[in-house]
Amino acid sequence: MASIEMRDVAGKKAGSHELPAEIFESKVSVPLMHQVVVAGLAGIRAGTHSTKTRGEVRGGGRKPWRQKGTGRSRQGSIRSPQWVGGGVAHGPSSRDHTQKINKKMRRGALRSALTDALQSGKLAVVDELDWDEPKTKQAVGVLDSLELAGRILLVLPVPTESGAVEKSFRNLPNVKIAYAGGLGTYDVLLADRVLFTGAAIDRLIRTPKGSAPETATETAKETVDDTPKKATSTSKKATPKKAPAKSEAVAE
């Protein structure tokens with residue numbers, strides 16, 4: 001089991017924190033992380049892009065001129081794609097861009113991202129962040145003491161009661177706040193430095209298999225089939241199924 005040095009808000013060493021091997025020492029799968037990130041970005045697309053075909057634009061109900069004898073090319077409608085104001089051929093239409101990603105893939109991608117963050121040295125741990133009132137100057141002092149620069153991902157265990165920590169860091173344009181229960185692969189990969197609190201790592205360990213579903217901003221949405229299933233027509237009324245005998249094997 002690996003361990004990482006833990007510091008306080010002043011930048012002084014405050015001990016070490018053990019990191020579970022099943023989360024921070026897993027196999028780094030680049031194709032899996034890529035697939036999850038692409039699905040997450042596709043899930044937040046609006047999908048409202050749309051164009052009109054020649055059957056949807058207004059006008060063009062009659063043939064503009066006769067088929068032969070004019071010396072011009074034959075035309076059937078002034079709303080064909082080659083006409084100004086006509087329909088668009090093979091244009092985009094409104095659709096859903098979501099891609100299905102199961103929980104096992106999400107968890108594996110997050111473990112790969114956290115393992116890569118540890119191996120690349122962009123992981124940092126602070127013992128505790130607990131302030132009475134929000135102060136952005138104090139948040140900047142913490143980042144300077146820990147020598148963190150670039151895009152920073154701050155991972156907290158849960159939302160604080162007063163919200164002082166979140167309000168202190170959210171004014172900084174290079175800092176993004178996430179919570180251990182909804183940590184996403186895209187956020188970890190995008191950040192230059194990932195700052196965990198000690199309680200956030202403990203919370204991450206308690207999460208089943210060290211992961212949770214992706215958030216709405218990073219993240220891939222699972223495709224839900226809302227179409228009702230067709231009922232099979234039967235001449236006999238449905239009868240309740242009998243319980244299998246003890247000697248019969250019941251399929252799970």
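Colleague: Is tryptophan 83 buried, partly exposed or exposed?

Modeller: This is a predicted model, and in it tryptophan 83 has a relative accessibility of 26%. Buried means under 20% and exposed over 50%, so tryptophan 83 counts as partly exposed.

Colleague: And what does tryptophan 65 count as?

Modeller: Tryptophan 65 counts as buried, because its relative accessibility is 17%.

Colleague: How is a pair of aromatic rings described?

Modeller: By the distance of the centres and the angle of the planes. The count here comes to two aromatic pairs. In one of them, tryptophan 65 and tryptophan 83 have ring centres 6.0 Å apart and planes at 45°, so this pair is tilted. Both residues lie in the loop between helix 2 and helix 3, 18 residues apart.

Colleague: Which rings form the stacked pair?

Modeller: Those of tryptophan 131 and phenylalanine 169, at 5.7 Å centre to centre with 20° between the planes. Tryptophan 131 is in the loop between strand 3 and helix 4, whereas phenylalanine 169 is in helix 5, and 38 residues separate the two. Tryptophan 131 counts as buried at 9% relative accessibility, and phenylalanine 169 counts as buried at 1%.

Colleague: Which charged residue sits over the ring of tryptophan 65?

Modeller: Arginine 72, whose charged end is 3.9 Å from the centre of that ring.

Colleague: Where do nonpolar side chains tend to be in soluble globular proteins?

Modeller: They tend to be buried together. In this model the largest nonpolar core has 30 residues. Those touching the most other members are Leu114, Leu153, Val155, Leu183, Val188, Val194 and Phe196. Among the elements that each supply at least two residues of this core are strand 1, helix 2, strand 4 and helix 7. Helix 3 gives the most, with six residues. Another core, of 18 residues, lies apart from it and includes Ala139, Ile152, Ala164 and Val175.

Colleague: What span should helix 2 have, and what is the distance between its end C-alpha atoms?

Modeller: Helix 2 has 14 residues, and at 1.5 Å a residue these should span 20 Å. Its end C-alpha atoms are 20 Å apart, which agrees.

Colleague: Which residues of helix 2 are buried, and what do they pack against?

Modeller: The buried ones are Leu32, Met33, Val36, Val37, Ala39, Gly40, Ala42 and Gly43. The buried residues of helix 2 pack against helix 3 and helix 6.

Colleague: What does a side-chain oxygen of serine 29 reach at the start of helix 2?

Modeller: That oxygen of serine 29 comes to within 3.4 Å of the backbone nitrogen of leucine 32.

Note on methods. Residues numbered from 1 in each chain as written. Predicted model: local features only at pLDDT ≥ 70, side-chain atom pairs only at ≥ 80, totals over all residues. Heavy atoms only, no water. Core = buried A, V, L, I, M, F, W, Y, C linked by side-chain atoms within 4.5 Å. Buried < 20%, exposed > 50% of the residue type's maximum accessible area, 1.4 Å probe, protein only. Helix = DSSP H or I, 4+ residues; strand = E, 2+ residues; numbered from the N terminus. Expected span 1.5 Å × (residues − 1). Contact = heavy atoms within 4.5 Å. Polar contact = N/O pair within 3.5 Å; in protein donor to acceptor, adjacent residues only side chain to side chain. Phe/Tyr/Trp six-rings, centres within 6.5 Å; stacked < 30°, edge-to-face > 60°. Lys NZ or Arg CZ within 6 Å of the ring centre and 35° of its normal.
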